[in-house]
Amino acid sequence: DPRFTFIQLGHNVGKRKAQIAAIRLSSGAFVLSVDSDTTLAADVIAKLTVTMRNSAVGAAMGQLTASNRSDTWLTRLIDMEYWLACNEERAAQARFGAVMCCCGPCAMYRRSSLLSLLDQYETQLFRGKPSDFGEDRHLTILMLKAGFRTEYVPDAIAATVVPDRLGPYLRQQLRWARSTFRDTLLALRLLPSLDSYLTLDVVGQNLGPLLLALAVITGLAELIATGTVPWATAMIIATMTVIRCTVVALRARQLRFFGFSLHTFINIFLLLPLKA
């Protein structure tokens, strides 16, 4: 297709360097990042571009859904997890023009802003070695540090393939957790300058799982040491789960979100130990 220039790199150099190679050869006002397993709705570019017309906006992301939602019980849960991540977390952060991670499956960047940040993006080190994970979150934080707004556009829909088995899902979550913990530390000084809510939001996202893990460990210790079932702990966790799922079901007007309560078991018995 003569409208496009395709770049074939000599070998697999990773997402970050592939992005940089393409950005440096680009010429448009905006750069659209799309993962290889993602399908965009026909109007996604138009809707993202409307938001990017504001010169204060450096990046904007669309809403992610699971294209293989109906395949397994896990893909159904992940689709609901994506809805929550987009329409609770990202939507709330967008109120302050500071979405903390514009996700790779569908993110648009202002090219002039990108070019000014490429050197920092390319040379990021982690424990003395070039970083090879967390590209989306790190690039978003660089945008925020440079003074640009980052936005969420809920009606720009992108459908992406999600893991349909626990093994690949847990490996994905481990990569994301590493990025979240590392880049949250890098963003701590930035947060107060954005908004006090964002500080509370980001710190809560990181402390919340730790407090939940502490509650579970304490309950298990009580069960082992005394033979007494920690009903109070179990009831509090169950009540929080039911309240959250009820609120989301009402907001989304979809009864399927009551089924997201099953994700609590995955979170407690698989994700928390993995993140630890």
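**The sheet and a pair of helices**

Modeller: This is a predicted model, and in it 5 strands form an open sheet with mixed pairing, in the order S1-S4-S3-S7-S2.

Colleague: Why are strand S1 (30-33) and strand S2 (38-40) said to stand at the edges?

Modeller: Each of them has a single partner strand, so one side of S1 and one side of S2 is left without a neighbour in the sheet. From one strand to the next, the twist averages 35°.

Colleague: What makes S2 and strand S7 (residues 149-160) count as paired?

Modeller: Pairing requires at least two bridges between two strands, and S2 and S7, which run antiparallel, are joined by 3 bridges. Leu40, for instance, has Ala158 in S7 as its bridge partner.

Colleague: Why are helix H8 (residues 196-226) and helix H10 (residues 263-275) called roughly perpendicular?

Modeller: Their axes come within 11 Å and cross at roughly 115°; angles of 65 to 115 degrees count as roughly perpendicular, and therefore H8 and H10 are described in that way. The crossing in which H8 passes H10 is left-handed.

Colleague: Which residues make the contact, and how do they divide into nonpolar, polar and charged?

Modeller: Pro209, Leu212, Ala213 and Val216 of H8 meet Asn267, Ile268 and Leu272 of H10, and the residues of this contact divide into 6 nonpolar, 1 polar and no charged.

Colleague: Where does the UniProt record place a transmembrane region?

Modeller: The unreviewed UniProt entry places that feature at residues 231-250 and 257-274. In the model, residues 231-250 are 100% helix, while residues 257-274 are 67% helix.

Key:
Residues numbered from 1 in each chain as written. Predicted model: local features only at pLDDT ≥ 70, side-chain atom pairs only at ≥ 80, totals over all residues. Heavy atoms only, no water. UniProt positions renumbered as here; feature names shortened; annotations may be inferred. Helix = DSSP H or I, 4+ residues; strand = E, 2+ residues; numbered from the N terminus. Axes fitted to C-alpha atoms, helices over the stretch in contact; angles between N-to-C directions. Parallel < 35°, antiparallel > 145°, perpendicular 65-115°, else oblique. Left-handed = near helix turned anticlockwise from the far one by under 90°. Contact = heavy atoms within 4.5 Å. Nonpolar A, V, L, I, M, F, W, Y, C, P; charged D, E, K, R; others polar.
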